[in-house]
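Please view the sequence and the model alongside the text.

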Amino acid sequence: MIEMSLTLPVDASPENIWRLYSEFSLRKQWETDLEVYELDGPFATGSEGTIQLTGMPPVRFVFTAVQPHRYFSDAVDLKGMGKLEFGHEIIESDGQCFVRHSIALSLENGKITDKNYAFFQKVTGDLTDVLWRLKIVAESL
């Protein structure tokens, strides 16, 4: 497995941060390369949907865990490579709110190659920018 995470303090309530995750019009403000985000059901564990980023084909995902106002994760099955999972966590500690995003690539054969490492680098390349934009939008609500 290859995994990366980033945590930032955010001066916003968990409810406002959650809105940025669950409302497409708000999500598009911080995830600027998001073109399609369609859910087949509720924003809940087990629900599936389709996501498409600029210049990429649409992909299917499934919510692997959803705890409103606290956490959600979704996963994409990468046929022949493994599973890509995205975590989004809202943490409250000592009166401060933090947001942690993580990206993990679980490999089908367990072996890291140049090809899947390059893929992971591409997927995680804008993690810091995306989380920074989320912070800015959350603090402006």
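## Helix contact

In H1, Ile 17, Leu 20 and Tyr 21 meet Leu 134, Val 137 and Ala 138 of H4, contact meaning heavy atoms within 4.5 Å. Helices (H or I, at least four residues) and strands (E, at least two) are DSSP runs. By class, this contact of H1 with H4 has six nonpolar, no polar and no charged residues.

The axes of H1 (residues 14-22) and H4 (residues 127-140) come within 9 Å and cross at roughly 125 degrees.

## Basis of the model

The model is predicted, and local features need pLDDT of at least 70, side-chain atom pairs pLDDT 80 or more, while totals for chains, interfaces and linings use all residues. Residues are numbered from 1 along each chain, and side-chain values use heavy atoms, without hydrogens and water.

## Lining of the largest pocket

S6 (82-93) is among the elements that give two or more residues to the lining of the largest pocket. The largest share of that lining, four residues, comes from S6.

Terms used. Axes fitted to C-alpha atoms, helices over the stretch in contact; angles between N-to-C directions. Nonpolar A, V, L, I, M, F, W, Y, C, P; charged D, E, K, R; others polar.
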